[in-house]
Amino acid sequence: MNSLERILEGIMNSLTTEVVPRINDAFARGQALAIVDLLRNLGPRLEWSHAILWQQIEAQEAVLSRVAELCAGQAIKPPPVAPRSFGEHPNANELVARRDELNGIVSATLIWLDAERRKLPAALASEVESALRRYMHEQLQRDMSLTAMPLFKEISKGAKTAAT
Amino acid sequence: MQNGEFDELRQKLARFLSEQTGCVVEIGELKRYPVGFSWFTFELDAAWDENGKRVDHKLILRWGPKYGVLAPYFAHDQFIALKALEGSGVPVPKVYWYCDDSAVLGGNFFIMERVEGEAALPWTESGGKGAFDESIRPQLGEQFVASLAALHNFAWQGTPAAGLAGAAPLDEVGMRQILWWEQYLHERQLSSYPILEHGMLWLKAHVPKAPRVSIVHGDYRIGNFLVRDARITAMLDWELVHLADPNEDLGWMCMRTWSGRSPLVCHLISREDLYRRYGELTGIAVDPAAVRYYEIFGNFKLAAIHVGAARSFEDGSADLRMAAMGPQIARMLLQVERSLEGEL
């Protein structure tokens with residue numbers, strides 16, 4: 001997913017350079033330009049939903065904490081997790097940065113588990129893997145609950161049709 | 001691309017064609033197709049002298065944008081593959097020229113003949129109706145498989161197609177592709193995707209040995225061929241062509257993404273009939289496990305392509321379709337997870 005700033009900039013750019021010059025009807029052109037005008041004013045007032053970002057960050061921290069707990073007492077340790085670097089009221093950009101940092105650590109933990117699996121008790125390795133897979137599955141479910149069906153058919157044809 | 005840029009592109013193209021043909025070339029309006037999420041496709045009519053006579057040509061310009069899903073784009077591989085396959089059992093458009101000097105048209109490109117036909121899209125109509133009329137579907141299915149078999153049977157060794165990327169011994173050729181896509185993903189991702197890392201580890205641990213090394217189309221599916229009068233007139237979109245395990249094409253075309261609600265592979269043929277007919281035509285006894293492996297790999301690639309689309313938009317692509325692919329990464333990741341768990 002792109003940054004919100006880039007998405008808004010891209011929508012305004014596309015409307016102005018690709019869409020408006022090819023609309024033959026003056027009223028329709030005006031409507032498209034009104035969208036541009038609205039986006040210019042909405043931009044400074046918008047940011048990604050804190051609730052959605054917090055939900056993911058808390059789930060990431062929970063699974064990484066669980067992995068650390070499972071591996072406590074083992075000679076080899078999973079990749080460390082740095083504490084949060086923001087204050088009590090972070091902005092959305094700080095939350096995005098934290099989410100991305102934790103995504104990287106979850107990935108690194110999967111790679112670590114794959115490389116070190118034989119040095120861990122088999123049951124423990126399975127439990128670590130299950131915890132990570134459960135987190136990934138639940139996160140995908142959360143992400144999908146926010147995702148609308150794509151309009152690739154309409155986009156490819158350049159025409160509105162009933163897609164299923 | 002704005003109207004003024006179309007005119008500039010048209011003028012530059014006329015100059016290029018004049019240099020190639022050695023005479024004045026007239027070009028009509030460029031018409032950009034909305035299909036294709038990677039290379040831009042333009043239709044154009046051109047006329048130049050041949051043996052003292054003015055001859056009209058219906059052409060297609062394929063032009064690689066600076067910011068694209070699979071950028072940087074080079075025309076060389078597609079051109080030599082298509083050139084090598086001319087006259088083979090694979091229906092391909094005739095290619096005329098290519099240029100990998102982006103100074104000429106602002107992006108690398110190649111020019112080919114415009115083949116008549118319609119491209120069906122994989123997304124089913126309301127009610128789950130298939131993409132092809134049942135009166136022609138079996139014939140098209142046979143041609144679809146025969147064309148693939150001809151591609152995989154093509155003796156590329158000793159032809160210019162030997163210069164395609166990917167050649168390796170049978171037990172290494174699969175891993176080479178995994179590593180290529182791993183690098184692609186890591187270069188393009190805006191954030192790490194744990195499920196893709198998980199998938200990559202699985203793919204690396206289970207690479208099958210290839211039955212042979214063939215020219216692989218890389219995107220062989222519904223949507224990438226033209227049909228006219230119950231006949232496949234051309235296989236298109238060769239930008240991912242390379243040398244690899246032929247199961248890579250089989251796995252890709254069997255992905256549910258290309259079937260919509262149809263039970264048939266690419267709306268054309270049952271999986272059983274595909275395996276049987278492909279085996280008869282190639283002499284390769286299809287290993288269902290290897291095809292499944294490449295279906296999982298296909299889902300991984302499709303997810304990576306969506307990640308690449310988001311990156312290209314973030315980096316400056318003006319194409320909002322790239323941004324629209326960003327939110328769909330979640331759907332692609334879910335398909336990777338399901339395919340790893342055997343649900344797809």
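Predicted model: local features only at pLDDT ≥ 70, side-chain atom pairs only at ≥ 80, totals over all residues.
Chain A contains 6 helices and 0 strands, and its elements, read from the N terminus, follow the order α-α-α-α-α-α. Its overall dimensions can be described in two ways. Taken along the principal axes, the C-alpha atoms of chain A fill a box of roughly 70 × 40 × 20 Å, and the radius of gyration of chain A is 22 Å, whereas a compact globule of 164 residues would have one near 15 Å. Buried residues account for 15% of the 164 residues in chain A. When contacts in chain A between residues at least 6 apart in sequence are considered, 68% of them join residues at least 24 apart.

One residue of chain A gives a local view of this arrangement. Leu113(A) belongs to helix H4, which covers residues 92-116 of chain A, and Leu113(A) counts as partly exposed because 19 other C-beta atoms lie within 10 Å, while a buried residue needs 20 or more. Apart from neighbours within four places in sequence, Leu113(A) is in contact with Ala125(A), Val128(A) and Glu129(A). Lys77(A) is 36 residues away from Leu113(A) along the chain, and the C-alpha atoms of the two are separated by 9.7 Å.

Helix H4 of chain A also takes the reader across to chain B. Two packed helices are described by the angle between their axes and the distance between the axes. For H4(A) and H6(B), the angle is about 20° and the axes are 8 Å apart; the two helices are therefore roughly parallel to each other, and their crossing is right-handed. On the H4(A) side the residues that meet H6(B) are Asn103(A), Val106(A), Ser107(A), Leu110(A), Ile111(A) and Asp114(A), and on the H6(B) side they are Pro194(B), Glu197(B), His198(B) and Leu201(B). Sorted by class, this contact of H4(A) with H6(B) has 5 nonpolar, 3 polar and 2 charged residues. An α-helix has 3.6 residues a turn, so residues three or four places apart point the same way.

The contact between the two chains as a whole involves 32 residues of chain B and 35 residues of chain A. On the side of chain B that touches chain A, at least two residues each come from helix H6 (194-205), H9, helix H10 (320-325) and H11, and H11(B) gives the most, with 6 residues. The residues of this side of chain B divide into 18 nonpolar, 9 polar and 5 charged.

Two of these contributing helices, H9 and H11 of chain B, also pack against each other. The axes of helix H9 (residues 288-315) and helix H11 (residues 329-340) of chain B come within 9 Å and cross at roughly 165°, which means that H9(B) is roughly antiparallel to H11(B). The crossing in which H9(B) passes H11(B) is left-handed. From H9(B), the residues that meet H11(B) include Glu295(B), Ile296(B), Asn299(B) and Phe300(B), and the residues of H11(B) that they and others of H9(B) meet include Ile329(B), Met332(B), Leu333(B) and Val336(B). By class, the residues of the contact of H9(B) with H11(B) are 11 nonpolar, 4 polar and 1 charged.

Elsewhere in chain B, helix H2 (residues 76-85) is mostly covered, with 7 of its 10 residues buried. These buried residues of H2(B) are Asp77(B), Gln78(B), Phe79(B), Ala81(B), Leu82(B), Ala84(B) and Leu85(B), and what covers them includes strand S5 (95-99), strand S6 (109-113) and strand S7 (214-216) of chain B. Just after H2(B), Gly87(B) takes a positive phi of about 85°.

A last stop in chain B is Ala244(B), which lies in strand S10 (residues 242-244). Ala244(B) counts as buried because it has 27 C-beta neighbours inside 10 Å. Leaving aside neighbours within four places in sequence, the residues in contact with Ala244(B) are Gly166(B), Val173(B), Gln177(B), Val213(B) and Val216(B). His217(B) is 27 residues from Ala244(B) in sequence, and the two are 9.4 Å apart in space, C-alpha to C-alpha.

Methods:
Residues numbered from 1 in each chain as written. Chains lettered and ligands numbered in written order. Axes fitted to C-alpha atoms, helices over the stretch in contact; angles between N-to-C directions. Helix = DSSP H or I, 4+ residues; strand = E, 2+ residues; numbered from the N terminus. Parallel < 35°, antiparallel > 145°, perpendicular 65-115°, else oblique. Left-handed = near helix turned anticlockwise from the far one by under 90°. Contact = placed C-beta atoms within 7 Å. Nonpolar A, V, L, I, M, F, W, Y, C, P; charged D, E, K, R; others polar. Rg over C-alpha atoms; globule rule 2.2 N^0.38 Å. Buried ≥ 20, exposed ≤ 12 C-beta atoms within 10 Å, placed from the backbone.
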